[in-house]
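Hi everyone, thanks for coming. I have one chain to walk you through today, so let me put it up on the screen.

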Amino acid sequence: MKPYMVFSRCCGSREGACLVFAHNRQEACKVAWKECYWEITDEWIDVDVRLLKENTDWLFTLSDPAKVDTAHCISVPVSCQQCNKWGDPINHEGCCPDCWDYIQAQRKDNPI
Ligand SMILES: [Zn+2]
């Protein structure tokens, strides 16, 4: 199983993307179309898929443990509360590493 990002080719991944665990690109497209297409697009030919190569340990913590060897879709993955992106590990305050660095720098510059 590999993690894939599935999104609208026309709108791009910034407009919304699902996390899909599948054995290959074709399977990822099929699963996304069956389980969560309404989150991304209403046109089959508009579905695009990208293999995610970074933070795979984190991404697999988001998978459904009941579907370890079955392709499945996470339509709304845990995302950063600041920038709404997903894919990077989210910390205990709900932030991705980039936003967390920014917040830490702000706190250092403006101590209470
Ligand atoms: Zn963020």
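Before we look around, a word on angles: axes are lines fitted to C-alpha atoms, for helices over the stretch in contact, and angles run from 0 to 180 degrees between N-to-C directions. Contact itself asks for C-beta atoms, placed from the backbone, within 7 Å. Please keep in mind that this is a predicted model, where local features need pLDDT of at least 70, side-chain atom pairs count only at pLDDT 80 or more, and totals for chains, interfaces and linings use all residues. Residue numbers start from 1 along each chain as its sequence is written.

What does the chain contain? Three helices and four strands, in the sequence pattern β-β-α-β-α-β-α. Those are DSSP runs, numbered from the N terminus: helices are H or I with at least four residues, strands are E with at least two.

The four strands form an open sheet in the order 3-1-2-4, with antiparallel pairing; pairing here takes at least two DSSP bridges between two strands. Strand 3 (47-51) and strand 4 (72-74) are at the edges with a single partner strand each, so one side of each has no neighbour in the sheet. From one strand to the next, the twist averages 30°.

Strand 1 (residues 2-8) and strand 2 (residues 17-22) are joined by six bridges, antiparallel. Within strand 2, Phe21 is the bridge partner of Pro3.

And here's where those angles come in: helix 1 (residues 25-35) lies across strand 1, strand 2, strand 3 and strand 4, at about 125° to strand 2.

Definitions and conventions. Two residues are in contact if their C-beta atoms, placed from the backbone, lie within 7 Å.
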